Amino acid sequence: MSDTVLNENVQAELALPWYAGRRRELVRLYDERREASRRSATRYTMWVAVIIYTGFALADYFLIYDVFVLTVLVRFTFGALTLAVTEFMFRSRSSADMIDDICGLAIIACYAAWLFSATQTADVLALSYYLVYGALFMMVASLFFDFPIPIALRTCLAILAGGLVSVYWIPQPMENYGLAFAIFYFGCFAAVSYVNWKLDRERYYVFLNALKAEIGQREVEKRGNDLLMLSRTDPLTGLFNRRATDEKLARFWQGWLQSEQSFAILLIDVDYFKPYNDHYGHQNGDECLVRLADVFSSIARSRDCATGRYGGEEFIFIMPTDDLPSVIELAETIRTSVERLGLLHDMRPDGRKAVTISIGAAVCHSSQSDTIEALIHEADRALYRAKDQGRNRIEIFDPSHLSRQHGGEDIAALLEKAIDTGLVSLVYQPVVDLRTGRTVALEALMRLERPDGGTIGPNIFIPIAESTGQIVSIGRWALLTACRDVLVADRAPIVSVNISIVQLKTPGFALYTAALLGRLKINPARLALEIRRSQAIEEFPEALGALAELRKIGVKIWLDDFGTVSSGLSWLKARNFDSIKIDRSFLAETMNARDRTILSDLIRMVRHRGNDVIIAGVETEKQVELLKTYDVAYAQGFQFHRPASLAALEASGAIDAAAPTEEPRIDRAKTR
């Protein structure tokens with residue numbers, strides 16, 4: 001039975017009046033779910049009942065002493081037989097219904113045996129009072145055990161009949177004794193039967209509601225899995241898309257960290273694809289990418305590699321190997337296979353007439369990087385060099401090219417003096433309330449200049465700062481500067497600062513942050529720390545401890561670029577974040593129904609886990625209107641403001657000179 005049909009049946013069952021019959025399929029499922037627990041419960045309850053049954057021999061001694069020996073013999077004999085039968089049935093794996101049925105008969109047998117032995121007494125008056133305790137057997141059958149209604153009723157009726165027969169069997173000790181006894185027994189029977197019916201009904205309703213919640217949970221999980229499957233495949237080429245490839249990269253990186261299983265990354269770019277697309281049209285451009293993807297997929301299957309589409313005309317191969325010649329051989333196979341396709345390309349400025357590719361590769365065992373992003377960046381550097389050297393060629397990353405690619409500047413040495421010389425600075429990008437247009441937070445972004453006035457991108461100098469450890473000092477400077485210039489000056493309610501795993505695992509980071517907030521007299525809830533780099537944070541207990549300490553004092557933790565390798569579904573499940581920034585890749589300039597479904601489901605999934613939602617990469621008014629239809633309250637992107645200095649933001653009116661200091665409350669309205 002499907003969850004949809006089952007849920008409909010549960011809803012209909014819950015709506016039925018109390019006197020309506022139960023659905024057979026639900027009763028069957030109810031019995032199946034309770035089978036093991038009923039068997040164990042009946043077994044242990046019978047042990048307790050037998051102990052109480054034999055313990056009442058003490059009452060026999062005081063009330064009907066003349067038959068004490070006989071009643072004790074009966075109690076212990078029938079009690080032992082009952083336990084033996086119960087244990088035999090339990091160990092022989094008898095069904096719960098069978099065990100309950102036999103145990104109900106055993107209660108009747110124990111009651112009848114004691115009743116027969118007790119009526120042999122000569123003390124009729126004492127016995128007439130003692131017989132009242134027979135009602136306890138009805139209570140045991142209906143309330144003590146978890147018997148089904150038919151078994152409980154049958155047992156109680158047998159006890160009722162036995163009690164009435166015994167009353168009229170012995171001489172009447174007083175007038176109307178039999179009538180009073182019968183009324184008492186009938187009253188007990190009615191009361192315990194009603195309570196038993198109520199308990200059984202409540203147990204059934206608890207089961208139905210639990211089943212309903214279970215179905216709902218399965219539906220949420222299924223929706224998440226469907227969304228994951230939908231978001232893992234590139235709709236054009238059928239290859240893994242960027243997010244799925246990032247997940248594979250993360251797994252390969254974990255294998256390298258844990259057991260040094262080396263692997264290589266090959267980044268592939270189609271040469272002069274934009275002129276091709278412009279000249280032949282987007283349809284032919286798409287067809288070209290599909291043809292290339294088929295070639296890549298075939299090679300990947302034959303070489304036990306993973307491949308995916310990593311961007312517009314960029315593809316990636318992940319090859320498990322530590323052998324550089326094997327990497328070169330694979331790259332050459334890919335390059336020549338594309339060349340042999342002979343796809344016409346008349347618009348190349350280099351004179352060639354066919355579609356070709358450039359390949360850049362990096363191998364982790366020879367890499368200087370300590371993060372997967374840095375390794376990808378090394379492959380990207382090699383790809384850039386391949387294109388710079390004439391295209392249709394292969395380049396393997398060489399660390400010795402690093403300084404030459406940046407005008408002879410030693411970036412590590414530059415970072416060493418960047419703070420003192422003012423070469424490092426901060427720019428800020430607003431997070432905007434879509435309902436009011438006001439800035440509710442500023443994200444601090446680091447920039448690095450060369451002495452000659454040129455700039456070095458953060459994707460270049462941040463990995464170097466992390467590998468040299470200089471990220472600790474410039475990270476502290478960024479934290480101090482952002483808190484002082486934004487929060488102390490009340491330019492925005494919240495400032496967010498990106499942090500690295502290197503900072504988190506540095507001893508005293510949480511203490512430094514807390515001391516900084518205290519010294520500047522800043523409410524910790526106004527500071528948000530954004531995590532975006534993967535770096536296997538679970539490998540560093542000190543980093544996890546720092547996050548826990550920061551959350552404890554009230555600092556907000558935001559997950560940036562949700563959906564990328566560093567911020568995927570596993571991070572959403574495993575970490576506690578105050579806010580989630582959904583990656584800009586989910587908000588394309590043109591979005592079809594499939595794209596909108598993915599974005600809507602992502603927003604819904606994040607809200608279902610109780611996280612606040614911020615959408616990054618908003619660049620058009622059309623995207624703003626789309627987000628409003630999803631009840632998204634907060635967003636960030638070029639549509640509102642590019643990263644700029646505080647002075648520029650104030651001049652443009654993006655922030656006030658004295659913004660309110662209260663913490664913004666991000667709405668979590670349901671996605672329509």
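Let me start with a helix pair. H11 and H12 pack with their axes 6 Å apart, at an angle of about 135°. That angle makes H11 oblique to H12. This is a predicted model, so please keep that in mind throughout.

Who makes the contact? From H11 we have Phe 273, Tyr 276, Asn 277 and Tyr 280. From H12 come His 282, Asn 284, Gly 285, Cys 288 and Leu 289. By class, that contact has five nonpolar residues, four polar and no charged.

Tyr 272 sits in the loop between strand E1 (264-270) and helix H11 (273-280). Its phi is positive, about 50°, although Tyr 272 is not a glycine. Why point that out? Most residues other than glycine have a negative phi.

Now H12 itself. It has 22 residues, which at 1.5 Å a residue should span 32 Å. The end C-alpha atoms of H12 are 31 Å apart, which agrees. Its buried residues are Gly 285, Cys 288, Leu 289, Leu 292, Ala 293, Val 295, Phe 296, Ser 297, Ile 299 and Ala 300. What do they pack against? The partners are E1, H11, E2, E3, H13 and E4.

Look just past the end of H12. There, Asp 304 takes a positive phi of about 55°. Asp 304 is not a glycine either. It lies in the loop between helix H12 (282-303) and strand E2 (306-309). Buried or exposed? Asp 304 has 62% relative accessibility, so it counts as exposed.

Next, H13. This helix has 18 residues and reaches 26 Å from first C-alpha to last, close to the 26 Å expected at 1.5 Å a residue. Buried in H13 are Val 327, Leu 330, Ala 331, Thr 333, Ile 334, Arg 335, Thr 336, Ser 337 and Val 338. Note that Arg 335 is on that buried list. The cover over the buried residues of H13 includes E1, H12, strand E3 (314-319), E4 and strand E5 (394-396). Just after H13 comes Gly 342, with a positive phi of about 65°.

Stay in that loop for a moment. Leu 343 is placed between helix H13 (324-341) and strand E4 (357-363). Its relative accessible area is 13%, so Leu 343 is buried. What does Leu 343 touch? Leaving out residues up to four places away in sequence, it touches Cys 288, Arg 291, Leu 292, Lys 353, Ala 354 and Val 355. Two of those names, Cys 288 and Leu 292, are also among the buried residues of H12. One distance to go with this: the C-alpha atoms of Leu 343 and Ala 444 are separated by 46 Å, and the two residues are 101 apart along the chain.

On to H14, residues 372-388. It has 17 residues and a reach of 24 Å from first C-alpha to last, close to the 24 Å expected. Twelve of those 17 residues are buried, so H14 is largely enclosed by the rest of the structure. Among them are Ile 372, Glu 373, Leu 375, Ile 376, His 377, Glu 378 and Arg 381. After H14 comes Gly 390, whose phi is positive, near 120°.

Two more helix pairs. Two packed helices are described by the angle between their axes and the distance between the axes.

On the H2 side, the contact includes Arg 39, Arg 43, Met 46, Trp 47 and Tyr 53. On the H4 side, it includes Phe 76, Phe 78, Leu 83, Glu 87 and Phe 90. By class, that contact holds ten nonpolar, five polar and five charged residues.

The other pair is H19 (residues 471-488) with H21 (residues 509-520). Here the axes come within 11 Å and cross at roughly 30°. H19 and H21 are therefore roughly parallel to each other. The crossing is right-handed. Arg 476, Leu 479, Leu 480, Cys 483, Arg 484 and Val 488 of H19 meet Tyr 512, Thr 513, Leu 516, Leu 517, Arg 519 and Leu 520 of H21. Those residues divide into eight nonpolar, one polar and three charged.

That is the tour. Questions, please.

Key. Residues numbered from 1 in each chain as written. Predicted model: local features only at pLDDT ≥ 70, side-chain atom pairs only at ≥ 80, totals over all residues. Heavy atoms only, no water. Helix = DSSP H or I, 4+ residues; strand = E, 2+ residues; numbered from the N terminus. Expected span 1.5 Å × (residues − 1). Buried < 20%, exposed > 50% of the residue type's maximum accessible area, 1.4 Å probe, protein only. Axes fitted to C-alpha atoms, helices over the stretch in contact; angles between N-to-C directions. Parallel < 35°, antiparallel > 145°, perpendicular 65-115°, else oblique. Left-handed = near helix turned anticlockwise from the far one by under 90°. Contact = heavy atoms within 4.5 Å. Nonpolar A, V, L, I, M, F, W, Y, C, P; charged D, E, K, R; others polar.
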